[in-house]
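Please look over the entry below before reading on.

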Amino acid sequence: MRLLHLAPLALAVSACGFGLADDTSGGRDDLPLSGAGPFKKLAFDGDTPLEEPWLATDPVFEFTEPALMPRAGGGLTAYVTRESAAEPAGDTSIWRLEQAAIDQLPDAAVEVLVADRTWEEGHVGAPAIVAEGDTLVMFYAGGTGIGRADSTDGGHTWTKWPAPILTDATSPGLAYDGATWLLAFVDGSGGIGLARSTDGHEFTRAAAPIVVPRADDVKAFDHAAVAAPALGWIEEGSGRGHWALWYAGLKKLPVGTDAPLYAIGYAASWDGASWSLLAGNRPVTAAPAGDPAVLLEGNHGVMAFAAVNGRRSAIGLAITP
Amino acid sequence: MVRRVALAAALVAAMAAPSIASPLDLFGFGGRSPGLAGTGAASTTDYDAVYLNPAGLADTPRKRATVGGLAGDFRLELDGQPTATTSPRGLAIGGQVPMPLGGALKDRVGLGFGFYVPSEAINRARAPFPGTPTFVLLESRAFVVGLMVAVGVRVSPRWSVGVGVNSLAVLRGAIDVTIDGAGRITTQSEQRLLTRFAPIVGARWRRSATTDVALVVRAPSRSDYDITVTNDLGSTLPVTLPLIHIAGTAQYDPLMVVAEAAWRPLAGLTLTGHLAWHRWSAFPRPTVNAVTGNPPQPALDFHDTAVPRVSVEYSRPGLGGTVAARAGYAFLWSPAPDQTRRETLYDNDRHQLAAGVGLAWPGAAVPLHLDAWVQLHHLAYRRYQRDPDVVAPDRAHSTAGDIVVGGLTVGVDL
Amino acid sequence: MKAAPAALALALAAAAPARANPADVYGFGARGQAMAGAQVAGADDTSAAYYNPALLAASPDIRIDVGYQQAHPRLTIDDRDTDVDSSRGLAIGLAVPGRLLGARLAIGAGLFLPDQHITRTRTLASGQPRFQLFDNRPQRLFLAANVATRLPHGVYLGAGIAYMSSTQGTVALDGVVGFPDPEVSQLDMAIDVDLKTIRYPQAGVAWEMLPWLTVGASYRGGFHLQIDQTFDITGDVGTPGFPPVVIDGSLHLRSQAQDLFQPAQLTGGAAARLTPRWTVAFDLAWHRWSTFENPAAHIELGLDLKQFQELVDIPPQEPLPLPHFHDIAIPRLGVEHTRGRTRWRAGYAYEPSPAPPQRGATNFIDNDKHTLALGAGVDRAGLGGIVLKPISFDVALGLTWLPERTHAKLIAADPVGDYRSAGVIITGSVTSRWRF
């Protein structure tokens with residue numbers, strides 16, 4: 001029997017069932033993503049410069065209400081609300097920082113938007129940003145309203161609109177599908193409201209909130225309160241898209257000086273008017289996590305959230321899958 | 001002329017299936033060898049050569065398919081009280097094929113295969129908590145699949161050699177307890193059964209017309225498992241569970257080197273002497289530490305053993321065919337040391353008495369071969385003196401018992 | 001602990017073709033693959049151990065076939081390759097004829113042994129997208145053995161029993177669960193796990209109706225592998241060496257899932273030697289996919305943390321959604337042209353998807369499949385005076401195309417969202433066929 005006839009047989013025999021051959025376990029690459037996560041907070045890794053899961057943290061100043069945008073060249077750009085270093089104490093402004101990769105320390109934060117309008121009452125924060133062509137459009141909370149600022153240099157400098165876009169509202173979330181603008185907000189009604197526009201500055205409020213606390217379910221993660229909406233427009237593999245809403249939910253009101261323990265939930269809508277919550281009454285990011293901001297790229301997603309680190313609120317990162 | 005050969009479910013070459021030869025080592029394999037107390041390496045020419053000595057397949061006379069069964073009763077005692085040890089039952093299948101090759105290999109090559117399938121469990125991993133008494137070498141070794149194939153070649157009129165494999169399985173995997181997209185607690189797991197082969201190599205020398213000598217080496221056979229269990233339940237549980245490592249050895253047979261001589265002083269009479277070395281010093285722990293916080297486990301200190309066996313077989317024409325009567329004896333030293341510390345891996349010296357009968361009608365219209373056998377294993381009484389600095393003296397134990405097992409096989413020449 | 005939650009298809013004498021997962025998906029043997037699997041009446045080698053055990057009795061020779069086959073899928077979701085594992089391994093067949101009481105008898109076996117492992121079981125979360133028929137189904141051993149006999153008037157019968165296995169058992173841990181640091185846990189372990197045997201019958205029949213026409217039928221029973229694992233942890237919670245935070249707590253977790261589902265199959269077909277050189281074979285198979293159940297794990301969870309029990313928040317275990325698969329019929333057509341010692345082969349098969357569009361909570365992805373195959377074989381007269389009968393060498397190449405399919409979800413807040421599935425699978429095999 002010629003060895004040539006035996007050679008491939010011998011090789012095959014030697015590999016058969018031993019597991020010596022390719023050991024990969026596939027079928028789980030690049031699975032579709034809808035925005036519903038779940039998002040897992042980055043686990044601390046002593047081998048990386050980043051002190052996971054914290055993107056932005058400070059022993060003195062609080063960081064809250066992030067927004068995320070993709071960074072040119074890879075990584076992400078985060079816009080966060082931070083207490084202003086200047087007097088008076090307690091005023092807030094919006095800061096910008098860049099992170100080249102998920103496991104790297106971000107560049108030093110730079111203040112990009114301060115409260116310099118009367119109606120802002122010394123506070124600007126809660127940025128929500130979308131891209132309209134080459135322009136970045138930011139909606140932000142100031143005073144008792146929501147204002148708008150635009151940037152044409154990639155978010156380094158911003159030009160404010162003279163008057164608030166929406167009054168008696170705060171904590172904006174913003175999404176744009178190329179034709180329709182959706183603006184989510186909190187207005188004291190107890191739920192998350194929604195306004196719609198075709199031009200980005202004239203908005204029509206929906207009559208009723210789109211998400212309310214689940215008061216009839218004491219075990220629901222959003223039983224006591226909902227807040228801090230973030231919106232997105234997600235295009236799906238079928239060619240259609242849906243509006244995505246991430247929001248902070250509170251199971252129990254905090255007692256005394258305890259910090260509230262938010263978790264982040266998810267809802268979605270085909271038309272922006274009728275919304276459905278994620279089935280199973282589960283948050284997409286476990287408590288403690290509030291003030292969500294999500295960046296989806298392909299079949300991977302990054303979420304920034306606010307939670308207490310030590311004694312101050314900080315911005316952390318979570319990823320999916 | 002090309003000899004026609006019919007074979008029951010014969011498998012060739014690189015066959016892989018999970019198996020460990022534990023019931024083979026406990027009771028023997030086939031219909032003839034168990035009735036001879038496990039001897040037969042120097043005399044067999046049937047399918048049982050796949051385990052006893054693959055060289056015997058070189059002389060297999062005819063193609064044959066064989067099916068048989070085994071049933072036993074474990075009567076093991078702990079401190080004078082019977083234990084609830086499951087008795088073994090299983091099905092044995094074998095086949096042999098003299099290969100109709102030509103030229104230099106004409107009438108020199110034989111193939112064989114053998115299966116043993118327990119009726120209750122193909123494989124059993126059983127290990128109680130440390131400190132719980134267990135008959136470590138008996139309680140689960142009877143419940144393992146055996147799957148063997150072999151080939152034998154006569155290289156000269158006096159010499160035959162053979163090689164076979166006993167195939168086993170090793171389990172690797174991971175289980176993750178987590179929350180799925182709909183909020184349900186679920187497990188995600190992936191586990192792979194890998195092949196491990198334990199080769200069996202044998203040689204036979206026809207010293208004279210009345211004497212055959214055999215030497216067989218059986219590589220150790222071992223079935224391991226190694227599963228990692230992780231959990232990611234978030235806030236569902238207020239306690240974080242550690243990573244759990246479930247690993248150990250479900251079944252193990254040691255390296256064996258067997259030397260046997262078969263002498264036929266009279267027509268129909270075969271006397272056999274057999275001595276085997278079992279390398280029990282390499283016996284692995286049944287389980288490893290499940291968590292990293294556990295203190296290191298001490299070595300087991302099992303020791304190698306020598307196993308002597310003797311048998312006698314007398315066959316003569318009768319009942320229209322051939323009748324054979326068989327008997328044998330073996331003594332199996334226990335490789336387990338005195339269990340003085342926390343370990344309670346009990347084992348006893350064992351006396352094995354065997355008897356069997358064979359009936360064959362090779363020339364009949366339906367050429368049948370019937371073999372029946374029975375074995376009695378007597379476990380010599382053993383008492384374990386515990387180290388009072390480690391274990392409370394009142395936790396001393398004694399073990400004893402008996403095993404009764406029998407089998408029947410039916411073969412048909414095709 | 002799962003000692004071996006593996007699918008073991010065991011072959012026994014009078015045991016029959018197991019649920020040949022990789023063979024179900026990709027075929028068995030180069031000739032069978034080249035003819036797109038249209039072999040229930042046309043198998044002329046040991047691949048009959050898979051296609052129709054009755055045909056094992058058709059040849060008077062001992063046959064040993066040894067080959068190697070591979071399948072490389074590129075299955076995409078939204079045009080992204082999901083990297084489904086390839087299936088490759090050794091394919092061996094054996095058929096041994098004989099006579100008993102004047103009747104021709106044959107015993108045969110077939111084996112496909114993957115390179116990577118004997119068997120792989122996999123349990124995924126219920127909603128995780130996967131190509132259900134390719135994700136793990138081909139990742140197992142196929143082992144089959146049969147008995148066949150030739151009856152008068154050109155009728156052949158084959159039958160047997162297949163063995164499969166399921167895992168059942170418990171792992172118990174007792175000691176101290178470290179709190180707040182789980183790494184200081186000290187737990188002793190006890191294991192009691194069995195790999196249980198399950199038996200399935202199956203059969204085949206063939207009839208040489210005319211000298212040039214053979215018809216055949218085969219049946220393979222369906223099965224699925226049950227995986228049943230229990231974990232029990234008992235003991236204290238705290239730091240070893242210090243007073244425990246919880247005394248005598250317990251956790252009970254039982255996971256029940258199934259994997260490696262095989263539908264029952266009934267196949268009928270014919271093989272016609274239209275001319276001395278041309279043979280045409282046609283099969284029609286029915287696969288009973290309607291019995292497919294959601295393979296995700298069903299969990300029982302119990303926890304007792306004594307005074308901290310109120311902190312336990314175990315979500316309710318909602319029932320798993322039904323997959324709603326349906327039965328399918330698969331037509332196959334194969335042709336073979338013989339010229340001297342060379343044979344040329346081609347085949348086509350169409351397999352509709354048993355899975356509906358995944359519009360709800362499940363994501364058991366599957367598409368219709370069109371398979372086109374080509375192959376060739378050459379005969380050689382013996383070998384060196386040792387092997388006295390002809391030897392054949394066969395090769396086959398196949399392409400399976402999965403046309404794109406869109407899965408549009410009903411609910412906007414779906415965890416996965418809409419997606420498109422598509423793909424191609426390239427298969428190849430070589431087989432050497434020996435007769436004695």
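The model is a predicted one, and the values given here are computed from it. Among the contacts in chain C with a separation of 6 or more, 73% are accounted for by residues 24 or more positions apart.

Chain A can be described in the same terms. For its 321 residues, the share that counts as buried is 47%. Chain A has 22 strands and one helix. Its C-alpha atoms fill a box of roughly 95 × 45 × 40 Å along the principal axes. Of the contacts in chain A with a separation of 6 or more, 48% come from residues 24 or more positions apart.

Next comes the place where the chains touch. Here 39 residues of chain C are in contact with 41 residues of chain A. On the chain C side, the elements that give two or more residues are β1 (63-77), β2 (80-81), β3 (87-100), β4 (103-114), β6 (130-131) and β21 (419-435) of chain C. Sorted by class, this side of chain C has 19 nonpolar, 13 charged and seven polar residues.

Within chain A, one sheet can be followed strand by strand. Strands of a sheet pair through backbone hydrogen bonds, in either a parallel or an antiparallel way. In this open sheet of four strands the pairing is antiparallel and the order is β3-β4-β5-β6 (chain A). The edges are β3 (63-70) and β6 (110-113) of chain A; each has a single partner strand, so one side of each is left without a neighbour in the sheet. From one strand to the next, the twist averages 35°. Inside the sheet, β4 (residues 76-83) and β5 (residues 92-99) of chain A run antiparallel and are joined by eight bridges. Glu83(A), for instance, has Thr92(A) in β5(A) as its bridge partner.

The last topic is backbone geometry. Most peptide bonds are trans, and most residues other than glycine have a negative phi. Where does the chain A backbone have a cis peptide bond? One such bond runs from Gly37(A) to Pro38(A), with omega near 5°. Pro38(A) lies in the loop between α1 (3-15) and β1 (40-41) of chain A. The bond from Thr320(A) to Pro321(A) is also cis, with omega near -5°, and Pro321(A) is in the segment after β22 (312-320) of chain A.

In chain C, positive phi values occur at Leu101(C), where phi is near 55°, and at His324(C), where phi is about 60°; neither residue is a glycine. Leu101(C) sits in the loop between β3 and β4 of chain C. Are its surroundings such that Leu101(C) counts as buried or exposed? Leu101(C) counts as exposed, because it has 7 C-beta neighbours inside 10 Å. His324(C) is in the loop between β15 (298-304) and β16 (328-339) of chain C. With 15 other C-beta atoms within 10 Å, His324(C) is partly exposed.

Conventions
Residues numbered from 1 in each chain as written. Chains lettered and ligands numbered in written order. Predicted model: local features only at pLDDT ≥ 70, side-chain atom pairs only at ≥ 80, totals over all residues. Contact = placed C-beta atoms within 7 Å. Nonpolar A, V, L, I, M, F, W, Y, C, P; charged D, E, K, R; others polar. Buried ≥ 20, exposed ≤ 12 C-beta atoms within 10 Å, placed from the backbone. Pairing = 2+ DSSP bridges. Axes fitted to C-alpha atoms, helices over the stretch in contact; angles between N-to-C directions.
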